[in-house]
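Here are some notes to read alongside the model, written as numbered points. Please keep the sequence and the structure in view as you go through them.

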Amino acid sequence: MVTLKELYEYFPTSVYTGKALVFISEDWKIELTEHQNADFSKRSSGCPIIRVKVFKKALNGEFLPGHYEDFQIDNISELASQIERYIQAAVGRNIREYPENV
């Protein structure tokens, strides 16, 4: 969860739940979760995998899962930049703007 805590500094409009970073708006919900590489054949696990999940609000008010992407970039600045670009492309908005952050 170290990487998620570092990403929290890059995304001030997110909410850290203890297990995920969440961006939420009227129409979208984005979750960032941290996972370790499950390849046990490697000696060191290296940098963790950050999974970005995109949810769209349905007519009934529930958030339906859409697509997701896994990021595994060592440099935290580059990781944050690529995640930000991905989310902006997925939802069509700037996630750094508040109050309509997503």
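1. Which pattern does the protein chain follow when read along the sequence? The pattern is α-β-β-β-β-β-α, and the secondary structure comes to two helices and five strands, where helices (H or I, at least four residues) and strands (E, at least two) are DSSP runs numbered from the N terminus.

2. This is a predicted model, in which local features need pLDDT of at least 70 and side-chain atom pairs count only at pLDDT 80 or more, while totals for chains, interfaces and linings use all residues. Residues are numbered from 1 along each chain as its sequence is written, and side-chain values use heavy atoms, with hydrogens and water left out.

3. Serine 14 lies in the loop between helix H1 (2-10) and strand E1 (15-16). Serine 14 counts as buried because its relative accessibility is 5%, buried meaning under 20% relative accessible area with a 1.4 Å probe, protein chains only. A polar atom of the serine 14 side chain lies 2.7 Å from the backbone oxygen of phenylalanine 11.

4. Leaving aside neighbours within four places in sequence, serine 14 is in contact (heavy atoms within 4.5 Å) with Tyr8, Leu21, Val22 and Phe23.

Note on methods: Buried < 20%, exposed > 50% of the residue type's maximum accessible area, 1.4 Å probe, protein only. Polar contact = N/O pair within 3.5 Å; in protein donor to acceptor, adjacent residues only side chain to side chain.
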